[in-house]
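Here's a quick walk through the model you're about to see. Keep the structure open while you read and click along.

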Amino acid sequence: MLVAVLWGANFIALDFGLGQFPPFFFAGLRFAVLLPLLFFVPLPGVPWKWLVGYGLCFGALQFAFLFVAMNIGMPTGLASLVQQASAPFTVALGALLLRERITGLQVVGILTAVVGMVVIGWHRAQSAALVPMLITVCGAFSWALGNLCARKADARNPLHLTLWISIVPPLPMFALSAAFEGPSAGWDALVSVFDSATGWYALAGLTYTSLLATIVGSGLWTTLMGRYPASRVAPFSLLVPIVGFTTAWLVLGEQPHPVELAAGAVVVSGVLLGSLKLTRRAAPPEALEPPAATASAKAG
């Protein structure tokens, strides 16, 4: 629940940051500011392929897709919902690649959530904003791949892993920023950060997304992903939109369309359904005895 609150409010912080910084540059900057902490944090003791994979998928690709989508018109509240498509992606990939067992109830929940996502996509297409939504879905899929890498890493100290993935996103993100946003666009925005009101908001957003959303939120999430099956943890990320829609409405004045609210309720319902764990009631002792043994006991 704490992760859902931290990540749901994070979309407001991202909106503030994107008001000052270009998206690729901001995606690299949110991790670059954490690099000095690595002088005081030991290596997580996991295979490098999983650390780099987690950093690329969760840290670089996810936020690159998300920030670009928000920068070209993806509403903040809706982004918080569509980004949680990572939950069904994670469950499905966990079953396919990690051979994790999925119950029938989880399948029903995943399909229900997917139906809600399809409805949102259809409604977005009516207003010619489908491209930002599809880009956001790409970010959700990248997040799912990162979840699997975090699970395979199985770090003894998940917080150390969360911090050390910060070495991965900055270079590729700054390179993409130089190629597509201009060699000096991001650095000019950084130099002028104190010259406007949006700059101060951007600094607040950068602080929140780096410290609270990344260190605290991602650290807790990595701990959960390492301790429990992905199919049990991932569905709870779809509680993030509840916070995302609410904070976007209160802070940014975004009014979600009734169709999107209804579809969002379907998505969250599907996640909650898929996260239920039904257990069989224990059979009475007599029911556990073989028929012959029961008959012989009665005869005696």
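## A threonine with no exposure

Thr90 is buried, with a relative accessible area of 0%; buried here means under 20%, exposed means over 50%, and partly exposed is in between, using a 1.4 Å probe and protein chains only. You'll find Thr90 in helix 5, residues 86–97. Helices (H or I, at least four residues) and strands (E, at least two) are DSSP runs, numbered from the N terminus.

What does Thr90 touch once its neighbours within four places in sequence are set aside? Its contacts are Ala144, Asn147, Leu148, Met225, Ala230 and Ala234, a contact being heavy atoms within 4.5 Å.

## What kind of model this is

This is a predicted model, where local features need pLDDT of at least 70, side-chain atom pairs count only at pLDDT 80 or more, and totals for chains, interfaces and linings use all residues. Residues are numbered from 1 along each chain as its sequence is written, and side-chain values use heavy atoms, with hydrogens and water left out.

## The overall picture

The protein has 16 helices and 0 strands. Of its 300 residues, 50% count as buried. Take the contacts between residues at least 6 apart in sequence: 90% of them join residues at least 24 apart.

Accessible areas come from the Shrake-Rupley method with a 1.4 Å probe, and for residues only the protein chains shown count as cover.

## Helix 2 and its surroundings

Helix 2 (residues 23–32) is mostly covered, with 10 of its 10 residues buried. Among them are Pro23, Phe24, Phe25, Phe26 and Arg30. The buried residues of helix 2 pack against helix 1 (2–18), helix 3, helix 9 (170–180), helix 10 (185–191) and helix 11 (197–227).

Ser177 sits in helix 9 and is buried, at 2% relative accessible area. Apart from neighbours within four places in sequence, Ser177 is in contact with Phe24, Phe25 and Gly182.

## Core and surface patch

The largest nonpolar core has 70 residues, and those with the most contacts inside it are Trp7, Phe21, Leu66, Phe67, Met70, Met74 and Leu161. Helix 3 gives the most to this core, with 11 residues. Such a core is a set of buried Ala, Val, Leu, Ile, Met, Phe, Trp, Tyr and Cys residues joined through side-chain atoms within 4.5 Å. Leaving out residues up to four places away in sequence, Phe67 touches Leu14, Leu18, Pro23, Phe26, Ala27 and Arg30.

Leu56 is in helix 3, residues 48–71, and counts as partly exposed at 36% relative accessibility. Together with Leu35, Leu43, Trp48, Val52 and Ile167, Leu56 makes a nonpolar surface patch of about 490 Å². Patch residues have over 30% relative accessible area and no salt bridge; like charges are joined within 9 Å, and nonpolar side chains (Val, Leu, Ile, Met, Phe, Trp, Tyr) within 5 Å. A salt bridge is a side-chain nitrogen of Lys or Arg within 4 Å of a carboxyl oxygen of Asp or Glu.

## Cysteines

How many disulfides are there? The count is 0, where a disulfide is a pair of cysteine sulfur atoms within 2.5 Å. The cysteine sulfur closest to that of Cys57 belongs to Cys149, and at 4.9 Å it's too far for a bond. Cys57 is buried at 14% relative accessible area, while Cys138 is partly exposed at 37%.
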